[in-house]
Amino acid sequence: MNFDLSDEQRLLQETVGQFMENECPAPVLRQIFEGETGFEPTLWKGMVELGLAGLHLPDEYGGAGLEMIDLALVAEALGTAGAPGPFLGHSLASLAILLGGSDEQKRAWLPRLATGDAIGSVALAEVGGLWQPEEWTLAAGDRLSGTKLHVPQASLAEVIVVGVAGGDLVLVERAGDGIEVRPIDGVDRSRRLDELVFQGASFDPLPHGRAAAPRVRDAGLVLLAADAFAAGDRLVQMCVEYAKTREQFGVTIGHFQALKHQLADLAVESEPSRALYWYAAHAFDHIPDEAPRAAALAKSHICERSMQIARAAVEAHGGIGFTWECDVQIWFKRAMFDRAFLGTPTVHRERVAQLAGW
Amino acid sequence: MNFDLSDEQRLLQETVGQFMENECPAPVLRQIFEGETGFEPTLWKGMVELGLAGLHLPDEYGGAGLEMIDLALVAEALGTAGAPGPFLGHSLASLAILLGGSDEQKRAWLPRLATGDAIGSVALAEVGGLWQPEEWTLAAGDRLSGTKLHVPQASLAEVIVVGVAGGDLVLVERAGDGIEVRPIDGVDRSRRLDELVFQGASFDPLPHGRAAAPRVRDAGLVLLAADAFAAGDRLVQMCVEYAKTREQFGVTIGHFQALKHQLADLAVESEPSRALYWYAAHAFDHIPDEAPRAAALAKSHICERSMQIARAAVEAHGGIGFTWECDVQIWFKRAMFDRAFLGTPTVHRERVAQLAGW
Amino acid sequence: MDLSYGKEYEEFREEVHAFLAEHWPPQGGEADLPREEGKARFRKRAVAAGYLARSIPRQYGGSEQPPDEIRASIIRDEFSKARAPGDVRGIGTMMLVPTLLEKGESWQKDQFVSPTVNGEITWCQGYSEPGSGSDLASLKTRAELQGDEWVINGQKIWTTNAINADYMFCLARTEPEASKHAGISYLLVPMKQPGVEVQPLRQMTGGSDFNQVFLTDARTPKNWIVGKRGEGWLVSRATLKHERNSIGATAQSTAVLAGLVALAKSSKRGGRSAIEDPEIRQRLAALEGYVRAHEYSGYRQLTRNSRGQDPGILQMMNKLVSTNIGQEAAKLAFDLIDSDGLLDPIATRQMGQIPDASRGWINLYMYSLGIAVAGGTGNIQRNVIGERGLGLPRDAYAQGKAAK
Amino acid sequence: MDLSYGKEYEEFREEVHAFLAEHWPPQGGEADLPREEGKARFRKRAVAAGYLARSIPRQYGGSEQPPDEIRASIIRDEFSKARAPGDVRGIGTMMLVPTLLEKGESWQKDQFVSPTVNGEITWCQGYSEPGSGSDLASLKTRAELQGDEWVINGQKIWTTNAINADYMFCLARTEPEASKHAGISYLLVPMKQPGVEVQPLRQMTGGSDFNQVFLTDARTPKNWIVGKRGEGWLVSRATLKHERNSIGATAQSTAVLAGLVALAKSSKRGGRSAIEDPEIRQRLAALEGYVRAHEYSGYRQLTRNSRGQDPGILQMMNKLVSTNIGQEAAKLAFDLIDSDGLLDPIATRQMGQIPDASRGWINLYMYSLGIAVAGGTGNIQRNVIGERGLGLPRDAYAQGKAAK
């Protein structure tokens with residue numbers, strides 16, 4: 001029985017954390033957050049050089065051959081830093097090609113994705129909050145016509161994995177004809193979203209797409225859970241720091257029992273759920289039977305907790321927490337992204353019930 | 001616009017409260033609570049002499065001719081005192097006969113019920129939590145055969161109004177043949193419950209029973225809401241008193257901000273809902289269109305709040321609040337009674353939704 | 001109990017209605033007057049008729065009516081139905097004028113009350129500072145008497161309407177040696193002067209409904225002080241009391257509930273209309289319980305206030321109840337809009353306006369937190385209820401014990 | 001990460017399994033021995049094999065094994081499967097023995113450890129008093145040295161097992177002049193003496209799982225003190241720490257969840273099975289989120305403890321998390337049993353036993369509150385997490401500031 005991180009895994013998290021602290025400290029993050037594209041090429045280049053673009057891909061494709069737990073640990077470290085950029089969509093796209101692609105497709109795309117030479121993304125959502133493979137309606141005849149919503153940083157992507165009717169996956173190249181990218185005015189400015197409008201676009205089917213789709217979804221749930229955990233954890237730390245420095249009635253407000261207990265309750269909402277995403281990530285590779293339900297449970301529980309923590313964090317900061325200048329808003333909005341992307345907690349709690357045969 | 005009590009109504013509440021304080025102080029209440037029958041004849045006699053047995057009955061039947069709001073205010077005053085005895089069932093029985101009975105039936109029963117010469121009760125619940133008229137299944141052919149649950153103090157009652165299939169009401173005399181009274185081991189020992197088993201019992205139909213049944217139900221919801229409000233209000237007061245006297249770390253625990261805020265939150269859960277039962281009681285007589293929904297809303301909201309307050313009250317009293325000796329348990333259990341009798345908050349929230357056409 | 005307004009009041013309503021029919025919009029020749037001019041004339045008539053500025057003495061341009069909350073609410077109803085200009089809203093009429101009438105010198109009333117009531121001059125409030133939100137005692141802004149002028153230095157925050165305001169009523173420390181509350185005075189300061197710089201404060205929604213005000217050797221005449229030196233904290237209490245009530249109004253809660261029901265009907269959940277989902281129905285009905293309790297408790301307070309009786313602890317709860325309802329409503333809306341939770345909120349929403357689309361609800365979702373802050377955080381409300389309402393002992397910190 | 005126990009441990013499991021197959025139930029001639037005698041012999045063998053009393057030195061009748069939580073849990077599993085007598089439970093082994101081993105004199109260890117571990121003598125704990133629950137500093141029970149005996153007067157409360165216990169380990173004030181914690185000593189007191197009266201304490205459920213103990217000139221030898229005079233508070237800390245962990249166990253939470261699911265399947269709501277109701281499904285899934293987070297966090301702690309590493313803040317949360325889960329579960333069960341909420345709870349339920357009928361769930365509904373009290377109320381837990389865990393400053397009251 002060993003349910004703890006290995007030294008390598010700790011090192012991995014520390015390395016990523018350290019890199020982000022150096023390359024993307026609060027002021028830099030703010031510039032990107034408030035900027036036009038929400039993307040900073042040199043920062044992404046640095047992340048790629050750390051190997052984050054192909055962490056979970058086999059060596060033969062230039063990846064590090066690591067597991068979902070490692071990818072999730074990186075997602076947490078990036079979440080703690082509020083890392084901007086295409087990590088989520090990129091990771092899911094390469095995973096989709098790895099699990100669903102032909103050898104040719106893998107050879108064509110994975111090495112370029114692993115080296116960050118190409119950026120990937122995924123187009124899953126459809127109007128009406130339809131995220132799950134079994135809900136997709138976009139028809140893939142000989143051409144694609146229709147709309148996909150909430151595609152992470154599509155404008156940067158060279159290749160996009162698109163979910164189509166029948167729970168299948170296909171590849172499209174963003175530069176291809178009949179594809180229009182319309183920016184969506186999203187709340188999380190560190191992870192921009194676009195709308196994809198297909199008008200007779202050509203595509204390349206993934207031969208094993210139908211089998212890969214639910215796995216990609218589960219992987220997404222795990223990565224979002226890890227990022228949401230990081231948001232909650234970071235916000236609790238910010239509240240504690242604030243309580244130790246801000247003074248009222250001649251003492252730091254951390255002296256006030258009411259606030260102290262509120263912060264203790266927040267920590268209790270946050271810390272135990274770390275193990276929940278660890279387990280879901282571990283199950284993804286090692287306990288296939290439990291993986292889908294563990295992913296849905298981690299995503300629904302942690303995203304609910306982090307949203308609740310985010311609201312409490314605004315109040316714990318008094319008026320300042322409500323301002324644009326206060327960093328609380330950055331992780332508040334990341335928590336909003338994590339909560340809604342791939343389906344809200346309500347959706348996945350219902351899936352948890354179904355998958356248990358309730 | 002006048003949404004406040006009249007001087008007469010205040011006097012009525014004070015009189016009842018004063019009477020209960022004199023005749024049924026904590027030690028006496030405890031004796032009855034822990035006793036065999038949960039009934040104290042002289043106490044009931046005194047309540048009758050105050051006119052509480054026929055408050056809502058017209059003068060011609062020896063009643064005081066008052067309205068539901070007055071009856072509810074009395075229910076609150078009795079609830080504050082944790083009054084033991086048959087008030088609830090008795091009031092609903094006489095109301096049922098008044099609204100549903102023939103002149104003959106009214107003349108036969110109402111005067112005796114108004115003077116407390118006879119005690120009445122109502123048999124509404126059936127197995128499976130079926131309380132609502134439209135749910136009743138007990139067949140009333142030429143004889144009654146079947147079971148009714150949770151009949152308040154049936155063993156004391158001379159006449160019992162029974163809900164039957166089709167949402168109708170009939171009268172039975174408890175002493176009649178084919179009626180067996182089996183005590184139920186209920187949680188609220190100040191209001192005992194019995195099970196009624198009919199085996200070919202004869203009965204007397206109420207000609208307007210079908211119309212009266214929902215009104216009787218709504219009246220019950222209002223009276224339970226008033227009693228539940230009293231329980232919550234009383235428990236908050238007990239917590240505040242305790243916080244002012246109990247010492248820790250050299251100061252009364254009321255000094256501790258965390259507890260102070262918990263108690264403030266309890267008061268906020270309690271006090272505003274007083275107006276909710278007032279409104280429902282007022283609507284019963286004056287705003288017929290809103291009456292059923294207002295009653296369901298008051299019952300579901302206030303019973304939920306009071307149960308929540310009751311749980312918090314145990315904690316606010318520390319270990320002592322969990323003991324039999326501490327009076328918290330008496331109102332905790334009355335809140336349990338009010339919550340479940342005539343249907344739980346969940347049931348009536350759903351009715352609130354239906355009655356709004358949601 | 002009688003929830004109808006009663007004959008007397010129904011007659012009053014007709015009277016108001018008739019008045020409006022005759023005078024608004026401006027009739028005959030006046031119809032062609034410039035809008036502001038027309039408004040001004042109408043106001044004069046409405047004041048003369050006793051419909052506006054009811055709590056203001058005649059000598060200060062008011063109609064000096066006996067307090068009658070019911071008449072007041074009837075007037076509000078009818079005026080808004082007729083889209084007629086009502087009492088000038090804003091922090092000046094809501095907070096400064098009552099304070100001046102209670103504590104001001106007569107020349108101050110002469111100079112400020114009437115133009116404020118008529119909307120000729122507008123005000124902003126300078127209480128909160130970056131260093132002190134709820135804790136006025138730790139106020140840092142200083143005012144020094146130089147000759148016959150106060151010279152003021154410091155920084156104020158959460159100042160609404162600071163950009164348009166002509167004057168600010170603010171608290172500043174005038175007695176540096178005196179400790180805590182004792183050293184604070186209540187000053188009136190012209191905003192249009194070099195020493196005053198206003199900087200918009202951006203919320204997390206992206207909008208800017210608040211400002212920071214930087215005071216650098218800002219000046220105001222020696223006698224523009226309300227109450228005595230060092231009494232500013234006392235003077236400000238009255239005003240804060242007003243604010244609490246105004247924010248505690250129940251209308252907002254009932255409106256939000258209606259908006260939520262509409263949202264639930266138009267939203268989908270699990271393939272069907274969200275309003276058919278048992279969990280949503282339970283949550284809506286549970287919320288309505290709080291909303292109606294709040295609304296009917298408003299009737300109770302209205303009745304008692306209209307009789308000059310003290311509504312007691314209920315009045316201390318308004319703010320907290322409204323905030324709780326707002327937060328529950330916002331969470332339910334947030335669940336109902338489902339994936340639209342990915343969208344950016346609209347930057348600003350008119351106070352009290354009920355959202356009609358997802359991005360409006362997201363604004364509310366964030367604002368329901370901001371509101372908890374606006375009039376003092378929930379914890380301050382809880383202290384008031386616990387100490388003044390339930391009679392629990394004051395916190396040692398507030399008494400400054402721990403600081404010693 | 002590896003959630004299997006691994007080869008080494010699987011072998012150990014087989015080893016334990018084999019041992020049990022051979023020795024329990026008693027074989028051959030021993031099969032006919034009186035039950036207690038058979039148990040005693042089995043225990044001796046199990047200790048010799050290193051399966052029981054693992055943390056106890058050999059000289060005190062233990063098997064003195066290196067700490068290995070995983071082996072410990074394997075042993076618990078296998079022994080309970082085989083219904084074999086395991087380590088003697090109870091407050092004596094759980095709290096007194098560790099304290100004696102850490103702070104006791106050797107003669108005290110000689111005299112008390114072995115018989116306690118073997119279940120020959122049982123203990124109760126005398127910390128709480130009517131006047132002081134969480135606040136040991138305000139302890140009132142006095143112990144005076146008369147000749148070579150302590151004479152003890154006072155009252156203890158929440159004492160489990162007081163009726164059967166042979167001895168009580170308790171805290172008493174021995175240095176009246178010393179203030180607060182300084183004046184308290186840790187004494188061992190024989191229960192079977194005239195000066196000790198035990199009175200059952202009835203819970204709101206009707207059962208009596210606790211007692212009050214009245215000490216009236218109760219006597220105990222001068223040297224039956226653990227640690228020095230006035231060090232009792234320090235001595236007791238170690239013990240309290242143990243209690244926290246033991247109560248924080250996660251098994252209870254997972255068992256309750258399973259019980260709830262079964263209840264939901266067997267209950268009706270709105271005419272159909274409650275498990276089909278979307279609101280119930282949402283609440284069950286939400287609860288499972290907390291339960292699994294708690295369970296997997298237990299794995300984390302197990303791993304770190306088994307490596308002698310500090311699990312950190314997580315360990316301080318166990319109690320509060322269990323309590324929160326227990327309360328949520330109780331509320332959900334209470335809603336599921338619907339009208340059965342009118343029934344009286346069963347008076348007592350074996351600790352940890354999951355209800356199988358409405359009246360059992362009502363007992364849990366009440367107990368989920370009692371539990372919050374048992375090991376120090378939730379607010380104390382929050383202080384620990386806030387101060388030790390998050391590094392927030394200590395409360396002024398706890399420092400006695402306000403009292404001065």
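Author: Happy to! This is a predicted model.

Reader: How many bridges join β1(A) to β3 of chain A?

Author: There are 4 bridges between β1(A) and β3 (residues 159-164) of chain A, and the two strands run parallel. For a pair to click on, take G120(A), whose bridge partner in β3(A) is V159(A).

Reader: Got it. Switching to chain D: is strand β4 there buried or exposed?

Author: Buried: 7 of the 7 residues of β4 (residues 167-173) of chain D are, so the strand is largely enclosed by the rest of the structure.

Reader: Which way do the side chains of β4(D) point?

Author: Y167(D), F169(D), L171(D) and R173(D) point one way, while M168(D), C170(D) and A172(D) point the other way. In a regular strand, side chains alternate between the two faces of the sheet. Both sets in β4(D) are buried, R173(D) included.

Reader: What does β4(D) pair with?

Author: With β1 (residues 123-126) of chain D, β4(D) pairs in the parallel sense over 4 bridges. With β5 (residues 184-190) of chain D, β4(D) pairs in the antiparallel sense over 7 bridges.

Reader: Thanks! Now helices. How far does α1 of chain B reach from its first C-alpha to its last?

Author: Helix α1 (residues 7-23) of chain B reaches 24 Å over its 17 residues, close to the 24 Å expected at 1.5 Å a residue.

Reader: Which residues of α1(B) are buried?

Author: L12(B), V16(B), F19(B) and M20(B) are buried. They cover an arc of only 95° around the axis, which puts them on the same side of α1(B).

Reader: What covers them, and what's on the face turned away?

Author: The cover over the buried residues of α1(B) includes α3 (41-49) and α4 (68-80) of chain B. Turned away from that buried side are the exposed residues D7(B), R10(B), L11(B), E14(B), Q18(B), E21(B) and N22(B).

Reader: And α1 of chain D, what are its buried residues?

Author: In α1(D), V16(D), F19(D) and L20(D) are buried. They cover an arc of only 95° around the axis, so they sit on the same side of α1(D). Those buried residues pack against α3 (69-81) of chain D. The face turned away carries exposed residues, among them K7(D), E10(D), E11(D) and E14(D).

Reader: Last topic, chain contacts. How many residues does chain A give to its contact with chain D?

Author: Chain A gives 36 residues and chain D gives 40 residues. On the side of chain A, the largest share, 8 residues, comes from α8(A). By class, that side of chain A has 18 nonpolar, 11 polar and 7 charged residues.

Reader: And the contact between chain C and chain A?

Author: That contact takes 33 residues from chain C and 34 residues from chain A. Helix α10 (residues 358-374) of chain C provides the largest share of the chain C side, 5 residues. The classes on that side of chain C are 15 nonpolar, 12 polar and 6 charged.

Reader: One more: why does G352(C) count as exposed?

Author: Because G352(C) has 10 C-beta neighbours inside 10 Å, and the cut-off for exposed is 12 or fewer. G352(C) lies in the loop between α9 (313-336) and α10 of chain C.

Key:
Residues numbered from 1 in each chain as written. Chains lettered and ligands numbered in written order. Predicted model: local features only at pLDDT ≥ 70, side-chain atom pairs only at ≥ 80, totals over all residues. Contact = placed C-beta atoms within 7 Å. Nonpolar A, V, L, I, M, F, W, Y, C, P; charged D, E, K, R; others polar. Pairing = 2+ DSSP bridges. Expected span 1.5 Å × (residues − 1). Buried ≥ 20, exposed ≤ 12 C-beta atoms within 10 Å, placed from the backbone. Arc of directions from axis to C-beta.
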